[in-house]
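Visitor: I have a structure to read, and I am new to this. Could you walk me through it?

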Protein chains: 2
Amino acid sequence: MKSGIRQEAQRLLDSTGLRRTGPRLAVLGVLFEAGRPITHEQITAKLAEAAPNKVTIYRVLESLVEADIVHKAFLRDRAQHFELANRCTASQCHPHFTCTSCETTYCFADVALPMTKSPMGFTVLHQRVQLEGLCPNCSEKTG
Amino acid sequence: MKSGIRQEAQRLLDSTGLRRTGPRLAVLGVLFEAGRPITHEQITAKLAEAAPNKVTIYRVLESLVEADIVHKAFLRDRAQHFELANRCTASQCHPHFTCTSCETTYCFADVALPMTKSPMGFTVLHQRVQLEGLCPNCSEKTG
DNA sequence: ATATTATTGCAACTTAGTTGCATTTGGGCA
DNA sequence: TGCCCAAATGCAACTAAGTTGCAATAATAT
């Protein structure tokens with residue numbers, strides 16, 4: 001992990017009141033480096049032999065979500081995808097685009113998205129937009 | 001099942017070329033009656049003692065999705081939610097609103113929703129919008 | 001009526017995620 | 001600096017949604 005990222009991770013973690021532990025810094029580091037939503041499995045793979053116990057990673061993620069510095073972005077293929085919350089507002093993450101060909105997810109952090117107008121009486125607290133299609137690379141190959 | 005619904009289910013099923021079987025008509029009937037996305041578990045519960053084998057229901061749903069008369073609306077609580085495709089366009093289902101208090105899902109079928117504008121080079125084939133918050137009933141109780 | 005092929009049922013399996021409990025450790029404090 | 005203890009971790013066993021292989025059954029074309 002680059003030292004800049006390690007520092008960012010520590011700063012972020014310290015802001016939460018959670019203890020500064022190896023597994024938390026490691027997971028935060030991976031999320032920083034990813035810059036997009038990733039799964040428990042991908043986090044484990046990235047940490048390789050240095051990966052903490054499976055359950056610990058789940059609990060670390062849980063605590064970071066609780067502390068609101070990590071979000072559950074979306075479910076896909078039965079697996080939760082986690083990302084840093086630093087580019088999200090309270091009521092809405094940016095839209096996520098997943099390429100159905102290469103399975104890569106992109107954050108459309110700059111795409112503004114008006115809160116959907118809801119019928120009378122409904123209070124919308126959170127809005128999630130998932131896009132699917134072909135990314136520039138895969139569009140090209142397919143034609 | 002009401003006979004009108006049974007007829008609708010048969011008509012829909014026959015339009016697909018799939019064989020007209022008991023489990024398929026039963027599952028379609030439940031989806032018709034529900035009028036909103038429901039899970040495998042809810043389908044099984046609704047059919048009660050008349051429910052086909054668990055695997056059969058999964059395969060029925062799979063074949064109906066394949067035939068494009070049923071959609072996988074969204075994943076929630078690790079369970080796929082299925083609904084009839086009759087109120088969806090190719091590129092987009094209507095938005096779905098799930099009340100976080102009573103866990104009921106509502107279809108906002110009349111809410112028009114412009115396709116999200118994507119960065120250059122991305123081809124968006126499908127858009128899914130999930131809303132969460134409080135339904136009129138639960139808003140009232142809470143607030 | 002029969003043959004063909006799709007469909008169903010059953011048992012065993014896979015996989016993401018959870019739970020209980022014993023052990024370890026971060027960080028405040030004497 | 002070392003001690004304390006709640007918070008955090010690790011391990012094993014578990015849960016639950018969904019899948020797979022294969023044998024038995026049933027819908028439809030002839």
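**Reading a shared sheet**

Guide: Start with the open sheet of six strands, which has the order S5(A)-S4(A)-S6(A)-S6(B)-S4(B)-S5(B) and mixed pairing. Its edge strands are strand S5 (105–107) of chain A and strand S5 (105–107) of chain B, each pairing on one side only. Neighbouring strands of this sheet are turned by 25 degrees against each other on average, direction ignored. Axes here are lines fitted to C-alpha atoms, for helices over the stretch in contact, and angles run from 0 to 180 degrees between N-to-C directions.

Visitor: Where do these labels come from?

Guide: This is a predicted model: local features need pLDDT of at least 70, side-chain atom pairs count only at pLDDT 80 or more, and totals for chains, interfaces and linings use all residues. Residues are numbered from 1 along each chain as its sequence is written, and chains are lettered from A and ligands numbered from 1 in the order in which they are written. Helices (H or I, at least four residues) and strands (E, at least two) are DSSP runs, numbered from the N terminus.

Visitor: How do I read strand pairing?

Guide: Strands of a sheet pair through backbone hydrogen bonds, either parallel or antiparallel. Two strands count as paired if DSSP finds at least two bridges between them. Now look where the chains meet. S6(A) and strand S6 (residues 123–134) of chain B run antiparallel, joined by 11 bridges. Gln127(A) has Leu131(B) as its bridge partner in S6(B). Val129(A) has Val129(B).

Visitor: Which sense does the pairing of S4 and S6 take in chain A, parallel or antiparallel?

Guide: Parallel. Strand S4 (residues 96–99) of chain A pairs with S6(A) over four bridges. In chain B, S4 (residues 96–99) and S5(B) run antiparallel, with three bridges. Phe97(B) has Tyr106(B) as its bridge partner in S5(B).

Visitor: Can you show me a hairpin too?

Guide: Go to chain B. Strand S2 (residues 70–76) and S3(B) pair in the antiparallel sense over six bridges. Lys72(B) has Phe82(B) as its partner in S3(B). The hairpin of S2(B) and S3(B) has two residues between the strands, and Asp77(B) takes a positive phi near 55 degrees in it.

Visitor: What rotation superposes chain A on chain B?

Guide: First, the method. Copies are superposed by least squares on the C-alpha atoms of residues with pLDDT of at least 70 in both. Here the rotation is 180 degrees, with 0.0 Å of shift along its axis and an RMSD of 0.1 Å. That is the relation of a two-fold axis. Val129(A) comes closest to this axis of the residues of chain A, at 2.3 Å (C-alpha). The same surface serves both copies: 100% of the contact residues of chain A recur in chain B.

Visitor: How many residues does the contact take from each chain?

Guide: It takes 28 residues from chain A and 28 residues from chain B. Two residues are in contact if their C-beta atoms, placed from the backbone, lie within 7 Å. On the side of chain A that touches chain B, strand S6 (123–134) and helix H5 (136–142) each supply at least two residues. S6(A) gives the largest share, 12 residues. By class, this side has 15 nonpolar, nine polar and four charged residues. Ala, Val, Leu, Ile, Met, Phe, Trp, Tyr, Cys and Pro count as nonpolar, Asp, Glu, Lys and Arg as charged, and the others, Gly among them, as polar.

Visitor: And the DNA? Which residues come nearest to DNA strand C?

Guide: A residue is near a molecule or strand if its C-beta atom, placed from the backbone, lies within 6 Å of it. Of the 23 residues around DNA strand C, the nearest are Arg20(A), Gln80(A), Thr21(B), Pro52(B) and Thr56(B). H4(B) gives the most to this surface, with five residues. By class, the surface has eight nonpolar, eight polar and seven charged residues.

Visitor: What about DNA strand D?

Guide: It has 24 residues around it, and Thr21(A), Pro23(A), Pro52(A), Thr56(A) and Gln80(B) come nearest. Here H4(A) gives the most, with five residues. The classes are eight nonpolar, eight polar and eight charged residues.
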